[in-house]
Amino acid sequence: MVSPLWAWDGLPLAVVLSSFVPGVLIMFLREEQTLLRNTLNMTGALAKVGFVGLMLQGVAAGASYEWAFEILPGLELSLAGDALALLFVTLSAVLWLVTTVYAIGYMEASRNRTRFFAFFSLCVTATTGIAMAGDLFTFVIFYEALTWATYPLVVHSGTPEAIRAGRTYLAYTLGAGAILVVGAVGFEVTTGTVAFAAGGVVDPMAVEAEPIRYLLLFLCLLVGMGVKSAIFPIHGWLPTAMVAPAPVSALLHAVAVVKAGAFGVIRLIHSLFGIEVSWEMGLTTLVAVLASFTIIYASVRALAQTDIKRILAFSTVSQLSYIALGVALLDPLAQVGGLVHLVHQGIMKITLFFCAGVIAQTLGVKTVGAMGGVARRMPLTMAAFTVAALGMIGLPPVAGFISKWYLGLGALGAGAPWVILVLLASSLLNAAYFLPILRTAYFDEPSESWSDPWPHHRLEADWRMVLPAVITAALSLAVGVFAASDWSPLGWALLIVERGGL
Amino acid sequence: MNPVDLYMLAGIAITLIALYAALTRAHLFWKVLAINLMGTGIFLILLAAPSRRTPEIADPLPQAMVLTGIVVAVAATALALGIALRVIARSDLPFLPDGDEDDPDSPGSTGEASR
Amino acid sequence: MTPFELWSTVVIFGPLLASVVALSARPALLRAGLVLGSLSALVGSAGLWRAVILYGPGRHLLGGWGQPLGIELWIDGFGVAMLAVTALVGALTSLYANSYFGDLSELSVRESPAGRGARFFAPLWLLLWTALNGIYLSADLFNLYVTLEILGLSAAAIVTLAVSRQATVAGMRYLLVSLIGSLLYLLGVALLYVQYGTLSLEGLAAIGPSGPIPAIALAAMTVGMAAKTALFPFHAWLPPAHAGAPAPGSAILSALVVKGSFFILVRLWFSVYGGGSPEGLVLLGVLGSGAILWGSVLALRQVSLKRLIAYSTVAQLGYLFVMFPLLIPEPGLWNADAWTGGLLLAISHALAKAAMFLAAGNMSYAVAQDRLTAISGVAHRLPMSFFAFGVGGLSLAGLPPSAGFVGKWLLLRSAFETAHWIWIAVIAVGGLLTIAYVLKVLRYALDRDEAPEDFRPVPRRMEWAAALLALAAMALGVRALELVELLLVGGPFPW
């Protein structure tokens, strides 16, 4: 019998290489080789989605993937494809494909596209590596690689403002990265392993013997993971990094980089310390409280912004903490909520950034006050924006509702009803900063100073930018409407928790 | 005090005095000379060493070492004098300048402020 | 003839013969010398690597004469690892030098400064290479002295190949420090001979030197070698000398030459003295930490490209001394992670620093200046050099994937294992400072969107040499297994 395609052991490596190889090849291209560059990008993105699709089939059928390569005696570059890894890999692979189309349109007239696309691919590579890391050592390698690979994208425009933002970004992420490495090595020496395992690898007896040591290790690792998932008080880099081009903000600062941090928190609590041990040490409470505070605090900050991208950035900070909050609650449903929000928030937020990017690129509109009439000028884009914004607020049947529903149920199950208050307050605040944007766009008079006033017999903007936004908006509706399907993110998150995959 | 110990002590004394001179004298030729002298002091220690341990047997090893050392010293002196002459030719002074001109922190630097 | 005898002969006498060949003024012979030296070093160290893995440490009595009067070579994992990295860096730097000093086939301008550089760089460098290989294989203290002197003399001569007054002054200062350092070492050798009547490293290790005279000897040798390794606070001579030399010279000096005296220090403290005194080890570690912090701060303040890289060498050498207190946490025990981690850092520094100096050489070659402000926009014309500098910097900073990262991981691990908390902070902070000064250069290079106008094209070969070195530093971060195995053959106590 011919073994199915998904039975190939090398799939995890193929998933990583499918963005790495194009990235490296693009580095050698000249600026004007646009066609070749785009072909490489699209081929890589499509290949990645294909490989991930195969792995999804395999994991659904009960297979699991492991691929390892010894770097040092006893330390391996280890890639594993289990259900949890695939949740994140699928998200980044699909969104990378969409973003590639978007970026080709968005960057058309920009300089240094070769550098841009090369590092973009490297960032995606690092993200997939983080998702599939089979142990802490591999995780740290890709996590730190993601940090430096993102820097050239943040400073892409080369303006003094971008350089400053880049410096802030590095100060936060590398500083925390150094702490992460120290924590990781300490964890290895203390527990004798770097492996990720469902239920954790920390021995509860050992924690009782040396509580301070384990506490410090947890805090080191939490700082390292927390900085990318922008948990208060180490969230400051994210709003600053919004000077990056829109595709970067969309994919990296709404999905890849920040999700890598959130994913790290999941790994820390569930695969290293184990939820029970973390709970007994009181650390889940710490994470839950920090996350709750971040949710409220960032929403309040978002209210005070006028720049659309900065509003979105603070909204990201706030929404990311839903994930940390969910996985820190000792209840399966809350964990489902946190996991599913990893996907839902990604799809919705990337839509918002796509739209903000098209509007800024086409009309030159960057602030809420200038949004007047945009809905008439760009109906498709604003429709997509509206769907995603309503989803963020948590209106059914958009994806965000599902996340909040499960988080709420889980909070009750975990005996933490105060979380419901946090969720409610956050929803109100979300409404308070998103609805004014919609109101202005739909009901206010158009501005006179648009850089591209009215389209005649053509689409409202470059189709390569409008289409991705429409697709992701449709996706955020679809994952909400069809949440009951086995193949929806919710179905997959339930599968992870059922299989004890956390 | 037997003569061998005297050699030893003299060797150590010459080495240390020469080291002091090499570090403190500013004139390049003094420095080169002092370094030569320092080598000689060490050779003296080496030559005295075997007689101190086993006075009755001749030990060829120190002599081999000192001979090699002399060759090295000649080469080093030649190179040092050669470079010293070039320093003098380029700066008209037989001294090494105090500060380091390219160092933004040192006095007399022409470097612009770092940014 | 055993493989040890065959390949150790090739690895030492190949470059020596090549240096004689390169003394000829004929361009073809100059180039032949560089090729011969590179090939024999590469092939010889590969052969020794294989032999050491197969048979363990080995020896070679030159001409059949043993110690004390004959010269004996000792081949173990540490020495072969250093030989191998020297061969790799050396071969690529030779390739670079071949283009850097102008086309060697046109030595018509022999009297011009460039002509002089082209004429004398190759023989001096090949002699220096011979000396380094000799150090890594020496089995007795006096042989170490002779090779050390050859190393110091040829290195100082290379600095003065640059024509500027600053370079001449720097070369003079370097030579003086080097000579005094070697003589302090020789003083220690003499004292040890007075005490024990032997110069064999193995024999001394068997005796286990202790007592006041050996202690004074160790102190004298350590000060001498620390001065030559530019260990803080003896570092002041290094930046002008390393920055003043012609670009391939800078790469050799910073990447390789300082490792020669570092190698001797490791041999003395561990292989011969069995760890020396714990206080001494901690003192060296403290000086190393001082070097990391002070060197990095000074690197950040520099306005000239090569100066900045040279100060970075001061800082990075500090890491190698942090290894000292971690290696022997308590008497009688040694920590393998500290050993492999520290030496991996030494090796990755050699690769990365050579890549950075060559890349910097390309940038200043292109704009004929060395000021950081002058290289603005160079990245657009020299993407490969920019890449090499960036990747080299990545490795220095210990960011993955790079040899610097795995080295730091191991060193941190040893610090945790031995519960030396303070070194953990030093290692972590040093990495962040490194990033700061590497980024400073990258920012200048990217500063403008257009390339500078008065731009001299850089030969492709020079760009490739830098990029390949950087890639090697990166590759070692993905696969360090074999090198670690090699380093453990013999370990710090090979006898």
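**View 1. The largest nonpolar core of the predicted model**. This core holds 449 residues, among which L87(A), L351(C), A355(C), L358(C) and L469(C) touch the most other members. A nonpolar core is a set of buried Ala, Val, Leu, Ile, Met, Phe, Trp, Tyr and Cys residues joined through C-beta atoms within 7 Å; buried means that 20 or more other C-beta atoms lie within 10 Å of the residue's own, with C-beta atoms placed from the backbone. Beyond its neighbours within four places in sequence, A355(C) is in contact (C-beta atoms, placed from the backbone, within 7 Å) with A388(C), G392(C), A466(C), L469(C), A470(C) and A473(C).

**View 2. Helix α8 (residues 212–229) of chain C**. Its 18 residues reach 25 Å from first C-alpha to last, close to the 26 Å expected at 1.5 Å a residue, a span counted over one less than the number of residues. Helices are DSSP runs of H or I, at least four residues, numbered from the N terminus. Buried residues of α8(C), including P214(C), L218(C) and M221(C), pack against α5 (141–159), α6 (165–196), α10 (247–272) and α12 (305–327) of chain C. A230(C), with a positive phi near 60°, follows α8(C).

**View 3. Where chain B touches chain C**. Here 39 residues of chain B are in contact with 33 residues of chain C. On the chain B side, α3(B) gives the most, with 16 residues.

Residues are numbered from 1 along each chain as its sequence is written, and chains are lettered from A in the order in which they are written.

Definitions and conventions:
This is a predicted model: local features need pLDDT of at least 70, side-chain atom pairs count only at pLDDT 80 or more; totals for chains, interfaces and linings use all residues. Two residues are in contact if their C-beta atoms, placed from the backbone, lie within 7 Å. Helices (H or I, at least four residues) and strands (E, at least two) are DSSP runs, numbered from the N terminus. A residue is buried if 20 or more other C-beta atoms lie within 10 Å of its own, exposed if 12 or fewer, and partly exposed in between; C-beta atoms are placed from the backbone.
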